[in-house]
Amino acid sequence: MSTAFSFYLTTLLVYLGVDILAVWSLNLQYGVTGIYNFAWIMFQAVGAYTAGVLTLGPDTGNGGFQQYILGVRLPEPLPVLLAGVVAGALALVVGIVALRRLRTDYQAMVMLVISVIALLVVENVTGLFNGPAGLALIPQPYGSLPLSTLGYQWFYVALTAATCLIVYLFVHRVTSSPLGRALRATRDNEDAAQALGKDVVRLRLFIFVMGGAIAGISGGVLILFIGAWSPGSWAYVETLVVLTAIIVGGTGNNFGVMLGALLVPVAFNEATRFIPQFGRPGLVDALQWIVIGALALVFLWFWPRGIVPERRRRFPGGPLVAPAEMTDPSEVT
Amino acid sequence: MEQARESAAPGEAILSVAGLRREFGGVWACTDATFDLRRGAITSLIGPNGAGKSTVVGIVGGAIAPSAGRIVFDGTDITAMPPHRRARAGLVRTYQLSSEFGRLTVLENLLVAAPGQRGERIRTLLYGKRYWRKQEVELLDQARILLDRFAMGHKEDEYAGNLSGGQKRLLEIMRALMCQPKLLLLDEPMAGVNPTLAQAIEGYLADLAAEGLTMLLVEHELGLVERLSESVIVMAQGEVIATGSMPDLRRRPEVLNAYLAG
């Protein structure tokens with residue numbers, strides 16, 4: 001493997017890890033619980049900014065060319081953990097406003113609007129996270145380790161993989177437990193779930209906060225790898241990439257959405273890199289967005305369950321009575 | 001299921017509804033609903049279309065907030081209680097339109113309805129499967145016994161969304177039973193069901209009543225109402241206009257008028 005290719009590969013692997021965290025997070029909210037969180041990218045962004053300002057130190061550093069709040073230098077892995085905490089807290093606030101009284105389609109609209117508002121606020125209140133220029137020159141975590149540049153790349157891949165593993169164990173516990181079943185029931189019929197004693201608002205808020213925290217962690221992992229973050233990184237359409245990955249991979253299936261993360265943001269985005277530029281400059285990049293949207297539509301139309309559909313849960317023991325002995329009046333419908 | 005129903009002597013009122021009113025944008029769907037339901041019996045709620053029956057079920061179930069009135073269930077004023085807390089208290093309803101969890105299997109539809117599941121607590125995420133496995137096995141047995149009783153055992157792994165209309169009606173009832181009701185509100189459980197299955201459902205309801213389950217049945221088919229319930233509440237134009245036994249009600253002019261005029 002040439003060094004250049006190793007760099008490319010390790011970078012892709014970190015992106016893949018971040019995207020996997022992203023799809024698990026949004027899948028908990030959208031795929032499992034049915035919350036149309038069109039503001040998803042905002043939670044990743046908040047995590048990224050949090051991890052950024054908690055790693056950069058005071059904003060007088062580097063000649064004071066960046067302005068931001070909270071500048072401190074915390075030891076690893078605190079910035080990433082706090083990224084999760086802050087994003088989770090934001091999710092709690094947003095959730096209390098948007099999830100308590102509103103039904104799904106209105107929720108979707110509110111989320112989209114919140115995402116756009118947040119972007120405008122961060123762009124214009126420059127003291128918050130350095131405005132449109134964004135944060136840059138964020139020092140590498142664990143930078144004091146005696147590693148070669150390429151060695152550090154692999155080290156970061158390992159860190160990302162470890163984060164994914166821990167998050168997976170959590171996500172799997174949610175989706176494989178009766179709690180996950182209650183969440184899916186809420187998704188399929190909110191009123192009926194409520195009429196059977198499920199506290200739908202509490203369930204939704206819980207999963208919204210958990211998903212938000214995972215989104216924040218993904219942002220933390222990403223920003224500390226690329227060392228910069230700006231409003232350009234989190235336009236509201238970025239949420240649609242994650243959502244498309246979930247739809248393509250298989251809504252509600254943790255492995256399916258992983259495959260979606262590999263196919264849509266990673267493979268698809270990389271493939272377009274190799275298409276020769278044609279037409280006006282920027283045309284290929286613009287087409288990419290169109291194709292992502294088309295991809296979501298095609299899947300929703302022809303394969304709404306995705307490549308690896310949600311698993312059908314079977315239980316040990318099987319039916320009490322063999323089908324042959326049945327007299328079933330319901331069959332006559 | 002059984003012990004929950006024996007918390008008080010049969011005969012006294014399990015549900016008292018007084019002066020329920022509800023307006024929808026200037027239209028009074030319910031102007032005065034006052035009635036008691038006796039424990040351990042099937043009471044039917046009848047009336048022409050638009051009489052306000054579903055509104056009353058909605059208000060009692062907690063999905064619709066009343067403009068005025070008071071609901072006392074099992075000794076507790078539940079007028080302001082949210083629907084999920086009413087269900088936990090034992091007041092469970094079914095829907096006129098099937099409300100299955102379509103992307104859950106039949107068995108999962110039943111399991112999810114069981115109250116007080118350890119595996120739904122947030123603590124589960126710390127302790128893992130060992131925290132809820134034992135209870136899940138018990139629930140699985142309960143659910144399969146119920147499936148067997150309703151002759152749906154062979155459908156346990158089917159997605160509820162793929163069931164026929166009639167099977168969905170059965171699922172609706174089984175799921176409500178899994179929730180361990182003290183009072184079951186059945187909003188037209190036979191709506192859109194073929195006669196054979198309707199007969200089967202009637203049999204199931206009669207059996208449940210014989211076991212002591214209290215039910216409020218909203219139904220249009222008066223023959224069925226007469227066979228299943230001793231006590232009938234008649235509503236018309238948002239009001240309770242009569243209560244009594246079906247043979248008695250058939251002779252009352254106000255009931256006949258409401259049906260002929262409605």
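Which residue is the bridge partner of B:Leu45 in β9(B)? I began my notebook with this question, and I looked it up in a model that is predicted. The partner turned out to be B:Ile233.

**Entry 1: the strands around β9(B)**

Strand β3 of chain B, residues 42-46, is joined to β9(B) by four bridges, and the two strands run parallel. On β10(B), which covers residues 239-244, I found that the pairing with β9(B) is antiparallel and extends over five bridges. For one residue pair in this second pairing, I noted that B:Val232 stands opposite B:Gly244 of β10(B). I also looked at how β9(B) passes into β10(B): the two form a hairpin with two residues between them, and B:Gln237 in the turn has a positive phi of about 50°. Finally I checked the burial of β9(B), residues 231-236, and because five of its six residues are buried, I wrote it down as largely enclosed by the rest of the structure.

**Entry 2: chain B as a whole**

I counted 11 helices and 10 strands in chain B. Its radius of gyration is 19 Å, close to the 18 Å that the globule rule gives for 262 residues, so I recorded chain B as being as compact as a globular protein of that length. The C-alpha trace of chain B spans about 60 × 40 × 40 Å along its principal axes, and 48% of the 262 residues count as buried. When I took the contacts in chain B between residues at least 6 apart in sequence, 67% of them joined residues at least 24 apart.

In the loop between α6 (133-149) and α7 (165-178) of chain B I looked up B:Phe150. This residue counts as buried because it has 21 C-beta neighbours inside 10 Å, where the cut-off for burial is 20 or more. Leaving aside neighbours within four places in sequence, I found B:Phe150 in contact with B:Leu170, B:Met174 and B:Tyr204. I also took the C-alpha to C-alpha distance from B:Phe150 to B:Ile59, which is 29 Å for two residues 91 apart in sequence.

B:Asn162 lies in the loop between α6 and α7 of chain B as well. With 13 other C-beta atoms within 10 Å, B:Asn162 is partly exposed. From B:Asn162 to B:Ser54 the C-alpha atoms are 27 Å apart in space, and the two residues are 108 apart in sequence.

**Entry 3: chain A and its helix α6(A)**

For chain A I counted 12 helices and zero strands. The radius of gyration of chain A is 22 Å, close to the 20 Å from the globule rule for 333 residues, so chain A is as compact as a globular protein of that length. I noted a box of roughly 80 × 45 × 45 Å, taken along the principal axes, for the C-alpha atoms of chain A. Buried residues make up 46% of the 333 residues, and of the contacts in chain A with a separation of 6 or more, 80% are between residues 24 or more positions apart.

I checked α6(A) for its length: its 28 residues should span 40 Å at 1.5 Å a residue, and the end C-alpha atoms are 40 Å apart, which agrees. Among the buried residues of α6(A) are A:Tyr156, A:Leu159, A:Cys164 and A:Val167. The cover over the buried residues of α6(A) includes α1, α7, α9 and α11 of chain A, together with α5 of chain B.

**Entry 4: where chain A meets chain B**

Last, I looked up the contacts between the chains, and found 39 residues of chain A in contact with 49 residues of chain B. On the side of chain A that touches chain B, the elements giving two or more residues are α6, α7, α8 and α9 of chain A. The largest share of that side, seven residues, comes from α7(A). I sorted the residues on the side of chain A into 19 nonpolar, eight polar and 12 charged.

Definitions and conventions
Residues numbered from 1 in each chain as written. Chains lettered and ligands numbered in written order. Predicted model: local features only at pLDDT ≥ 70, side-chain atom pairs only at ≥ 80, totals over all residues. Rg over C-alpha atoms; globule rule 2.2 N^0.38 Å. Buried ≥ 20, exposed ≤ 12 C-beta atoms within 10 Å, placed from the backbone. Contact = placed C-beta atoms within 7 Å. Nonpolar A, V, L, I, M, F, W, Y, C, P; charged D, E, K, R; others polar. Expected span 1.5 Å × (residues − 1). Pairing = 2+ DSSP bridges.
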